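Look at the sequence and the model first, then read on.

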Amino acid sequence: EMACEAVAVDPDLVDVAGIHILTKQVAHGYDRPLAPVSSYVLGLAVGAARARGEEVDQVALRRAIVATIEQAPPVPEEQS
């Protein structure tokens with residue numbers, strides 16, 4: 001709630017449980033460092049939909065992100 005207040009976002013619009021589900025799916029199913037990136041992308045998608053005056057279905061957005069990650073090529077291992 002404090003973070004939302006700091007950036008003028010209604011805390012009721014933040015789906016904390018959904019964000020945790022998304023980041024867990026990405027971290028464990030694809031690549032851990034991309035978990036926060038997926039949350040950021042979700043936030044951008046929610047903001048863009050709201051800016052267009054559209055209803056926001058965060059569950060559908062999360063599913064779309066996870067489906068994309070599931071289809072992505074494997075992350076290459078770091079070269080030493």
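Q: What volume does the largest pocket have?
A: This is a predicted model, where local features need pLDDT of at least 70 and side-chain atom pairs count only at pLDDT 80 or more, while totals for chains, interfaces and linings use all residues. Residues are numbered from 1 along each chain as its sequence is written, and side-chain values use heavy atoms, with hydrogens and water left out. On a 1 Å grid over the protein atoms alone, a pocket is an open set of points where a 1.4 Å probe fits, with protein on both sides within 12 Å along at least five of seven lines; points are joined across faces, edges and corners, and the volume is the space filled by probe spheres set on them. For the largest pocket that volume is about 200 Å³.

Q: Which helix gives the most to the lining of the largest pocket?
A: Lining residues have an atom within 4 Å of a pocket point, and they include Val9, Asp15, Ser39 and Arg50. Helices here are DSSP runs (H or I, at least four residues), numbered from the N terminus. With six residues in the lining, the one that gives the most is helix α3 (residues 35-51).

Q: How do the residues of the lining divide into nonpolar, polar and charged?
A: Ala, Val, Leu, Ile, Met, Phe, Trp, Tyr, Cys and Pro count as nonpolar, Asp, Glu, Lys and Arg as charged, and the others, Gly among them, as polar. Leu42, Gly43 and Arg50 are among the lining residues. The lining divides into six nonpolar, four polar and two charged.

Q: What is the distance between the closest N and O atoms of Asp15 and Arg62?
A: A salt bridge is a side-chain nitrogen of Lys or Arg within 4 Å of a carboxyl oxygen of Asp or Glu, and Asp15 forms one with Arg62. The pair links distant parts of the chain, 47 residues apart: Asp15 is in the loop between α1 and α2, and Arg62 is in helix α4 (residues 58-71). Their closest N and O atoms are apart by 2.8 Å.

Q: Is Arg62 buried or exposed?
A: Buried means under 20% relative accessible area, exposed over 50%, and partly exposed in between (1.4 Å probe, protein chains only). Asp15, at 24%, is partly exposed. Because the relative accessible area of Arg62 is 11%, Arg62 counts as buried.

Q: Which residue forms a salt bridge with Glu54?
A: The count comes to two salt bridges. In the pair with Glu54, the closest N and O atoms are 2.9 Å apart.

Q: Where does Ala8 lie?
A: Ala8 has a positive phi of about 60° although it is not a glycine. At 73% relative accessibility, Ala8 counts as exposed. Its place is the loop between α1 and α2.

Q: How far apart in space are Leu61 and Leu22, C-alpha to C-alpha?
A: Leu61 is found in helix α4 and is partly exposed, with a relative accessible area of 25%. Leu61 and Leu22 are 39 residues apart in sequence. In space, C-alpha to C-alpha, the distance is 9.9 Å.

Q: What pattern does the chain follow along the sequence?
A: The chain has four helices and zero strands. Read along the sequence, the pattern is α-α-α-α.

Technical notes
Helices (H or I, at least four residues) and strands (E, at least two) are DSSP runs, numbered from the N terminus.
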